[in-house]
Amino acid sequence: MESKNTNPLRYIDWFTVVLVLVLVCTGAVCIYAASYDFDHANIFSFEEFSGKQFLWIGLASVLGLTLLLIDPRFYETYAFPIYIGMICLLALTIFIAPNIKGSHSWIVLGPVSLQPAEFSKCATALALAKLFSGYNFTLAGSRKNYIKALTIILLPVMLIFAQNETGSALVYFSLFFVLYREGMSGLVLLAALGAVVFFVVALKFAEPTMFTGVTQGQVAVFIMLMVIMVAMLAIYCKHMEGARNVLFWYVGTFVIALILHFCGVTVNGMLFFISVLSVACIYTLILAFRGPVKKLLITASAVVVGVVFLFSVNYVFENVLQPHQKQRILVSLGIEEDLKAAGYNVNQSKIAIGSGGLAGKGFLNGTQTKLKFVPEQHTDFIFCTIGEEYGLIGSATVLLLFLTLILRIISIAERQPSTFGRVYAYCVASYLILHLFINVGMVIGLCPVIGIPLPFFSYGGSSLWGFTFLIFILLSIDARRREHLSS
Amino acid sequence: MRKDYNLEKRKYVIGGFIFVIVLIYIFRLVDLQILETKYKDSADSNAFLRKAIYPSRGIIYDRDGRLVVYNQPSYDIMLIPKDVQPFDTLDLCNTLGITKEVLLERFADMRRKVGYSKYSPQTLMTHLAPEEYGRLQEKLYRFPGFYVQKRILRAYNYDVAGNVLGNIREVSQKDMDKDPYYTRGDYTGDLGIEKSYEKFLRGAKGVEVLMRDAHGKIQGRYEDGALDRPSVPGKDLTLSLDIELQQYAESLMVNKIGAVVAIEPETGEILCLVSSPTYKPSTMVGRQRGKSYAALIQDPYKPLFDRAIQGSYPPGSTFKPSQGLIFLQEGIIDLNTQYPCHHGYINGGLRVGCHAHGSPLPLLPSLQTSCNAFFCWGFKNMIDKRSQFGSSAKAFEVWKTHLVELGYGYKLGVDLPNESRGFIPNAKFYNKVYGEDHWSGNTIISVSIGQGEILATPLQIANFCATIANRGYYITPHVVKSIKDTVYTDSAIVKHIPNIDRKHFEAVAEGMRMAVTGGTCRRAALPDIEVCGKTGTAQNPHGKDHSAFMGFAPYHNPKIAVCVYVENGGWGATYGVPIGSLVMEKYLKRTISPARKAMEESMINSNSIIYSGVKKH
């Protein structure tokens, strides 16, 4: 057992620290490259974005060090007051923040502007961790606890929506990962994910396939439904025999369909998939007589709902959404080309990344980003610079670094002896997951354009500091996890 | 401390989620960066401005080294809209000599143009004359954002030979599609040698690779000009034309419709190539080109139609020497063969008229007097000579082959665009018209005197004349003698040797000499040069006969072969002979003898265009 006054730096997870430092420094270099203006400006000049970013990094290091020195029990104790304070600040921001590009989210303090939404992520994580660490707190079977958790999550979401910062608000929905980890039914996540994926895939891939009557997107959705069904039977229902039979049924019929197709027989894809899925569902219902009834019924109905959803996508799209919403979705899915207006950013960013090739054009040789073809290239579209100057090797490396960091944080979370530490760590991981998912997805043209920064990379003190708070509080908690045990 | 090990497994779901996402993204990056190439091209056109450096266009000289076409600077007013500050509109208008409305219209046009950007150079006005440029230059400081860009225009020392020289124009979309060398705003040759020698004249554009940002603003040279390429100036051309002869021939052809072609027989070099009416090449330069061009298009006399190489005319009696050659070669006649002429060819109920002269006649006097009957008889005897050829059709094919070898019926391959091939029918043609074996010599007798279906360009007639002058061969006629710094090995310029014996050419040449000394071409006689010639009076269903002449001089060792064709000019002797002989005299003596000044005068002042039947509105 350690004494209370042990130097916390000894137990710091240096792996995480190094990862974060690498990401932050690469980010600063990219910002320099992105805002490089042929005047051969000094990378450290405070006139430049990169110089300012180095200043922010310096200040963030001080901040991080300070956070490490603070006893994490402080955060645990004051989690709710911090959260309430942040909520008040968010509310206040709506009224005192100037209108910057339609959003009221920046508090201007002399030369610097800060975005409270970036900091409230940390406060919300702390509050959520605090809630879950309460005595005997459990999500399972407690509607009251669900409401409490959801309130903590949705309060900042609503305030940030009110600030007109849709992107930042969406980030909080990533905390559903935390709820899932802490006991929320996985079906909620699956249903949400399934809905989004089905919607996107079914709309986006409208090209015909080798089978008649179905588009590529619909085939993809059908295959996903098949995979989900087999997975649910195996993992959720633990009905291995059923899973195996259904799998064989799917693969077998699919192979037969392929053979028929190549023998010149016209296969009606829609009819094929519907009938194959129907047979599998009926089989599952038959299994329900002898197996876990409820789970098998849920599995069968999930597939039915999936098919119904697939058919309703078009209806919803055509009849429920507003025209401008439709337009945005179509553009982001690449179905409609709108290179001058809504699609301009994404198209230019794809050009920049695409022109990078395997190894990229080299530091400061990116012509696209350098010549400001990509708007917001030093903030939300910073990933372009990586793609253009360092190519596939560089951009894939950055993605893998992020993946490593996230997986590392998940493993840190799982090694926490306290619920507080674990929930908090999962919050951090969830935020990172969503930021990476949306930001990179948008830059490479897979997600709609939603303005959220790439952590550690995008220019801006608020974002950097926000993540500094998140990461270093986590490191501080982690470094003292043994003390927690001893206390 | 509560730890639910069941829930802990969920870390795999969350970790797996981001793992799959990252995997998908990496696949997407592979697709974008490795598999898809269109983004690389887009990036290049996005960020690089390949600024063309225009080479100077090749200069054109005539055969004696006289400067014919050169370049003169012209100035375009450019502006960068972003840099333009409020200025005195009236001052600018006065300087440029335009009204305010015109200026505003120009600004509006500029903004409407595809690719308009506030940050990149825009053209306000093109082709300012040097004096306008001078005026503007003084005041340019008053108009920030405006600047002047130098361009090159063609200028002409001798304002003649528009049909040969051609002109230059801005490239069309079609040009750019056809040849990737061109980009919008480039110039290319139109008509004449400017077109046919475009690749030599234009040189090669250089390129300066500049980088520009999203606003089109130039950010500097890429890699300090490592990828830049200097321009290569166009090659200078030396024409085979004698530009002063051209000028003289054009002056003789004023107010006449037709053509004059003169060839140096030995080399095939075209000495002059006149199409009348013609136009001044200087009217096709710069800002006025559009207007001039439109006017030329609408001109009922079709000055853009190069009658010398595109006009297909009945050659009339100028065709007779070819008949003599063929009959001699095929053994239909010898120099002693005589055919009767009772004021024409009368056979099988057919009558082809002729004028009064002795009868019967052998070949040479027939050429001398241009006797129709002789050639009709010869033709009939050839086509109907089954003992030798088997059938009329076969005989006709032999006849046709000889003519093709003499340069008729197909393009000669002159180095000018849009040459016409004339027309020599073949047996199939008549089989179609009359039915197989339903025609004979008499059916088509008029072709023997260069009428009927026969059509030839003045160039073909001149070329045939050159073949006789050479006593049996011709070199592909051409207007460009040499290209500077280039060994011009155009395989198209070759020696053609028709399958007709030299002695027959000698005979025909003698006949043509006799026509000048005592026949139809007496007016062609020159004081101390032995001229040979053959008139032609081509009947024409649309009006007055065409006046034609072909001739060469001197008789021995000829230096010039000429063809004159004047539409609706009447007798060959009326216009053809005098103009042809004046052209020969001018070329050979450089001056017209005093005794012939009156003839020269009358040719310059005569007008046959009034007989053309074309009314100018």
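In this predicted model, the accessible surface of chain B comes to about 26,800 Å², and carbon and sulfur atoms account for 53% of that area. Of the 617 residues in chain B, 55% are buried.

**Exercise 1.** Classify the ring pair formed by B:Tyr339 and B:Trp377, and state which parts of chain B the pair ties together.

*Solution.* A pair of aromatic rings is described by the distance of the centres and the angle of the planes. For B:Tyr339 and B:Trp377 the centres lie 6.3 Å apart, which falls within the 6.5 Å limit for a pair. The planes stand at 20 degrees to each other, and since planes under 30 degrees apart count as stacked, the pair is stacked. B:Tyr339 belongs to the loop between α14 (320–329) and β13 (344–347), while B:Trp377 belongs to helix α16 (residues 372–383), so the pair ties together parts of chain B that are 38 residues apart in sequence. Both residues, B:Tyr339 and B:Trp377, are buried.

**Exercise 2.** Carry out the classification for B:Phe379 and B:Trp399, and find the cluster to which these rings belong.

*Solution.* The centres of B:Phe379 and B:Trp399 are 5.3 Å apart and the planes make an angle of 75 degrees; because an angle over 60 degrees counts as edge-to-face, that is the class of this pair. B:Phe379 lies in helix α16 and B:Trp399 in helix α18 (residues 392–405), so the pair ties together parts that are 20 residues apart in sequence. Both B:Phe379 and B:Trp399 are buried. Ring pairs link them into a cluster whose members include B:Phe319, B:Phe396, B:Tyr408 and B:Trp439.

Key
Residues are numbered from 1 along each chain as its sequence is written. Chains are lettered from A and ligands numbered from 1 in the order in which they are written. This is a predicted model: local features need pLDDT of at least 70, side-chain atom pairs count only at pLDDT 80 or more; totals for chains, interfaces and linings use all residues. Side-chain values use heavy atoms; hydrogens and water are left out. Buried means under 20% relative accessible area, exposed over 50%, partly exposed in between (1.4 Å probe, protein chains only). Accessible areas come from the Shrake-Rupley method with a 1.4 Å probe; for residues, only the protein chains shown count as cover. Rings of Phe, Tyr and Trp (its six-membered ring) pair if their centres lie within 6.5 Å; planes under 30 degrees apart count as stacked, over 60 as edge-to-face and the rest as tilted. Helices (H or I, at least four residues) and strands (E, at least two) are DSSP runs, numbered from the N terminus.
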